[in-house]
Structures are given as structure tokens and as C-alpha cells.
Amino acid sequence: MTPQLAIFFVLAALAVLGALNLIIQRHPIHSALSLIVVMIALAGLYLLMGSEFVAAVQIIVYGGAIMVLFVFVIMLLNAGVEERTNVSKLAGVAGIPLAVALLGFLAAAIARSNESAQAGVEAGTLANTKEISTMLFKDFVYPFELTSFLILVAILGAIVLAQREKS
Amino acid sequence: MISFLNANATIIIYLVKIALLLFIVLTVNAYLTWFERKVVAHMQSRWGPHRVGPHGLLQPLADGAKFLLKEDPTPAGVDKFTYFLAPLMALALALTSIAIIPFGPEPLHILGRDITLGIADLNIGILALFAITALSVYGVALAGWSSNSKYPLLGGLRSSAQMVSYELSLTMSVVGVLLLAGSFNLRDIINAQAHHPERGIFGWNVWPQILGFFCFFVAAVAETNRVPFDLPEAESELVAGFHTEYASFKFAMFFIAEYTSMITVSCLCTIMFFGGWLSPFPASWTFTHYLPSVILLPFGLWVIWDGIRYETIFGRLVLPGIGTVLTVIGIALAVPQLQFVNEFVQGPFWLLGKIFVFLFVYVWMRGTLPRFRYDQLMSFGWKLLLPVSIANVVITAFAILMWGAR
Amino acid sequence: MVPTSYYLILSAVLFGLGVVAFVFKRNVITIFMSIELMLNAVNLAFVAFSQARHQSDGQVFVLFVIVVAAAEAAVGLGIIILMARNRQSLNVERVDFLKL
């Protein structure tokens, strides 16, 4: 058990437990906190793989901006605990084993696939940021400019949607 | 036992470094509160704490004891998990950001091992610091919300909205420095300013990036919720903002988190804009290497002289003792046999000196400036600071294109 | 050295948990968060493949996915705020008629 494998299992367990907690918790703020834990665990996994820039961007943008937005909206709307509704028992009894079986088949298929999926993931040799930025500004410059336009549209949309009606 | 230490040497060195740095940071925090109270008091023509220990030097210990021993009530109706998580998160994130800062250029050579000054030398140093700043919004927002009371909720929402808004200008104003240095690594940023050692103070980043420096400093003061941006936690406005419902130890955690982020911001300002551990004098002026001794010796003698005539007996014992220690260190750094120690001390001396200057500027602003109203604060952040920092990026990029980075 | 398939299995598990959360939860904000979880699972798969092949395309695509997720979260939460204002409830089972 190399140290990297041990760290992988710890972070993977953290991510899965966070995702399970998102489902189990009844108050949306606790689900949001669990999702933040998942994102930080994933950032750790990216760091383990050697993509430090993506890890930092994941924490800054996802964990520090998008989830803050979620937390703000939950606070502003005063979202309370979820009510119990009548989910059919059959769905629980039959659904969960089926879902587990589906996941098991998927995992087995991935694990048994061709050798390239068995190759280890090691840390990259070139500086990760330099590589990504070269590619972003040379090959992908058009999508990059488009995403800036997309963000502008999203800002305008969010402002228009959340305005108070002029009454 | 020795072989056990030798085998796990790297981990043990890390643990010792972490423990030492934590101890030092917490002590500096405590004495920063003393320093702030003294300086603000003297600016207001009064003495600060001067009864607890000579010149009030034991006041932080008294405050610490108070925080530990006071009753810690939990208000009714709070969301227990979030209420306990918020100060923990704020403190943990603030203390983590100290781990990334490098404290000296040369490693310490002890027992055949090289120990670098600084815990983690990350290739994405600045980016990791921004990540920690981005996450620290949660401490404030969750504290305000979980307190189940209207003043903390309003204070928490306002404070976190302010932090999120000024985060943008903070990150944008640093891009100019990154363009000049070509790397996120903090040591590389300092080394890029050491490119022309004969320029001394004029080689620092603050001259080409003066706009960026002002944007960064203002945004950082707003991020740490200090005067003049401390409306969300000012006493006359919102009781105490997001930490109203927090009592002794949890309040102390927020307090320590705030002062630690002040220290981190001062460290970042010196590293990115003021040359970090570089001396302001040109490298050829080697006589300036005696400056630590020149400062410590008279200061130690003055402490002795002041201590001998102090009012209380305890002061008359302790202060001359401290003074003699400082004098001895000052003399020791000047003797020729210990010059290698003096050379080693140069880097951290300048770094700590500049950090001290920035902390003084923080405290000075606290004693002098009135605070912004909330809408003035938000419009300043979005309408003035963000366009100026973006303009700084454009101008810097253009200048580098025309004249090269160095 | 961690085999790529481990990362892919983790990504599949997270995606599946996102789908379960999407189907079974009734609070619209939690449903939205499960969408973000699914996007994160996909990001993990992208980065794993990108590092296995030593190319950076996957990681650039991850940046685009993060940006699009941010834009979508902003607009989606705006719509949720409107929904909460008009129907005074965040329960998706109450939003089943177009008419208020």
C-alpha cells in the first residue's frame, strides 16, 4: 500500500461520504456543507494526480464562489427542513439493490476494460499551469472568449431574474 | 531512539516546524492585540493597558485566561453543527495560510540536514492563498446564519457579501505581480525582485506596480474586515455583527482568525510588493549587515534604563532582564566570530521588519480613519477598485510587451 | 501509483449518487446541488483521463465545465428565487402546474 494509494482511499472515502451525506441530510444547508466537503476532497484528488492548477481553480471557483452562492440563497430564502412525503416503500426496497447492482456492473466494466485504463496516473512532468495556459490561449482561445461572453450573459440574466418588481 | 529519529527525520522536522510556527503565530497574535491597544491608546492621548505587568505586557495572558475561563453559553434555537463549525473553520483556514509563507532565503544547516524556513513551498503558492481566502467567507456567513438572531444574520450577510466583492479586486491586483515574476511560487516572486541587486529598494515590485499595491492593500483590508471596512462588526452598528452570539472561546477563535489574517496579509504585501526578505540597500553596501545590531543594542539599553526606574518591583526585575537579553543579542550579532549567524539573520530580519511596518499601518488606520457606510463600501469595491485593478493588469501586460519583464 | 480505473470508478459512484439525490430529494436547491455533484464527477473523469494520456486537453475542458457550471448556477438560482417568491415554497412537488 503505497502512500499515494492510501491518500487516494482516504480522499475517495471522504468524497463518497460527503455525497451520501448530501442525500441523507434533511436541511439544505447541511447538504451544501457536505457538497463543499466533496469538492475539497476532489481538489485533493486532482492534487494527487498532479493537476495543481485545476485543484486550485476547483477550490477557488467551485468551493469559494459557486457554493457561497448556494449558501447565500439558502440563507436568503430561509429554506427549512424538508417535509416528509410519501415515497413508496417499493422504490426503496427494490430501487437501492438495483442501483447498487448497476453501479457494480459499471465498475466491473471499467475495471476490466482495455489496458490504458489500468495505466497508473503519475504527476505530470511539465509545469501544469504553463501547459494549460499555453493550450488555453493557443488552441482553445475561441471557446475561452466565448465563455467570457457566457458569463456576461449569465450575470445579466441573474440580475434581471432577481430584481424586485417595480410596483 | 536516535535511529528512530533519523529514520523518520523528514516527518519529525515538519511536525516540529509546524508546532513552532503555530506557537510563534499565536504568540504574535496575542501581542498584536497588546500592540494595537497601546498604539490606539497613545493616538488618543491616553495610556493603554499598563497595570497588568510592566507596560501592560501581561495583558494578553490575562485576556487569554479570561477567554478560557468564561462561561460559554449556546443560545437556544441555533443550528448546533453549523454553530460549532463556523469559528473552527475560520480559525483553521486562517492558520493554514501561514504554512505557505516562506520566512527566509537560506535553509538552516543543523546536524547535517537542510531545514528550509517555511513549511510548504508550493508551486501554486499565491493561488493556494486565494483558495484559503475564498473559503474563509464560509466562516463568517455560517456564523451569522446559525446564530438564529437578526443582528448576526444581517452582519454575517453583509460581511460575507463584502468579502466576496473585494476578493475579485484582490486577485486581479496580484496578476500584475505574477506577470512580472512569471510564477505563482512565493520564493520565485521574491527572487524576481532580486534580479538587480544593486538597485536595492528601487528593484522592488511596488514601483512598477504602485496601482496594484494600493488596490491589493485596500482589498485586503476589506477582506479582513478591518477599519475602515468594519461596518459589519462595529459595535455601534450591529452590536457585534456576525459574532454577537459567540461567547468566550468561540469568540476568541474568531478574534485569532482575524488577527492571523492580518498577519498573513502583511506577509503577502511584503513578499509580493516590497521585496520580502531583500534589503532596501544595494547589495554592495555590506556595512548595512550590521543594522540588526545597530537597532537591537540601543533598544536593549533603553529597555534596561526604562526598567530600572519602573514603578512596580516586578517591572524593575523583568524589564532590565529583557533589556539585557536584547543587548546581548545585539552585541553577539556584531562580533566577527558569529558573522555567519548575522548573515543568516539578515533575510528574516528584513522580512519581519517589513511585516511589522504593515501591521503598524493596519493599527494606525484603526486609530485614525472613520468607517465606510455599507453602500459606500460596496460601490467603492465594485465601481472603483475592480476597474482599477483590471486596468492595472492591462497596463502591466502592455508594458511587459513593450519593455520586457525586467 | 493509482490506476486510472480507480478514479473512474469513483467518478461513476459520485455520478450515481448525484442521480439518486436528483431523483429522491424534494427541495429544489438540493436538486440543484446534485447537478453540481454530477458535474464534479465528470470533471474527475476528465482529469483522470487527461493525466493518464499526458495531454492537457482534459484539464482545459475541466476549466470550461467549471465556468459553465458557475454561469448555470447563477441563472438557476435566480430562477429558484423567483419560484420561491411566486409560490412561497421550495418543494418541487408543488411546482407541477404552469398556472400559479
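Among contacts in chain A between residues at least 6 apart in sequence, what percentage join residues at least 24 apart? In this predicted model, the share of such contacts that join residues at least 24 apart is 56%. Chain A is built from six helices and one strand, which follow one another along the sequence in the pattern α-α-α-α-β-α-α. Of the 167 residues of this chain, 31% count as buried. The domain assignment divides chain A into domain 1, covering 1–80, and domain 2, covering 126–167, and the centres of these two domains, taken over C-alpha atoms, are separated by 22 Å.

With regard to the assembly, two pairs of chains touch, and the pair with the most contacts is that of chains A and C. Chain B and chain C, by contrast, do not touch, their nearest C-alpha atoms being 15 Å apart. In the contact between chains A and C, 68 residues of chain A meet 58 residues of chain C. On the side of chain A that touches chain C, two or more residues are given by each of α1 (3–24), α2 (28–49), α3 (52–77), α4 (89–111), β1 (120–121), α5 (128–138) and α6 (141–162) of chain A. The largest share of that side, 12 residues, belongs to α3(A). When the residues of the side of chain A that touches chain C are sorted by class, 51 are nonpolar, 13 are polar and four are charged.

The contact between chains A and B takes 14 residues from chain A and 16 residues from chain B. On the side of chain B that touches chain A, at least two residues are supplied by each of α4 (80–96), α5 (125–146) and α6 (150–181) of chain B, and the largest share, nine residues, comes from α5(B). This side of chain B has 14 nonpolar and two polar residues but no charged residues.

The largest nonpolar core contains 159 residues, of which A32(A), A56(A), M67(A), A131(B), I29(C) and L37(C) touch the most other members. The largest share of this core, 16 residues, comes from α5(B). For M67(A), the residues touched, not counting those up to four places away in sequence, are A32(A), L35(A), I36(A), M39(A) and Y62(A).

Within chain B, the domain assignment gives domain 1 (1–59), domain 2 (70–281 + 339–403) and domain 3 (285–334). The centres of domain 2 and domain 3 of chain B, taken over C-alpha atoms, are 32 Å apart, and eight residues of domain 2 of chain B are in contact with five residues of domain 3 of chain B. The side of domain 2 of chain B that touches domain 3 of chain B consists of four nonpolar, three polar and one charged residues.

S266(B) lies in helix α10 of chain B, residues 248–273, and counts as buried because it has 21 C-beta neighbours inside 10 Å, the criterion being 20 or more. Leaving aside neighbours within four places in sequence, S266(B) is in contact with I355(B), F358(B) and L359(B). In sequence S266(B) and G300(B) are 34 residues apart, and their C-alpha atoms are 26 Å apart in space.

Technical notes
Residues are numbered from 1 along each chain as its sequence is written. Chains are lettered from A and ligands numbered from 1 in the order in which they are written. This is a predicted model: local features need pLDDT of at least 70, side-chain atom pairs count only at pLDDT 80 or more; totals for chains, interfaces and linings use all residues. Two residues are in contact if their C-beta atoms, placed from the backbone, lie within 7 Å. Helices (H or I, at least four residues) and strands (E, at least two) are DSSP runs, numbered from the N terminus. Ala, Val, Leu, Ile, Met, Phe, Trp, Tyr, Cys and Pro count as nonpolar, Asp, Glu, Lys and Arg as charged, and the others, Gly among them, as polar. A nonpolar core is a set of buried Ala, Val, Leu, Ile, Met, Phe, Trp, Tyr and Cys residues joined through C-beta atoms within 7 Å. A residue is buried if 20 or more other C-beta atoms lie within 10 Å of its own, exposed if 12 or fewer, and partly exposed in between; C-beta atoms are placed from the backbone. Domain bounds come from an automatic or database domain assignment.
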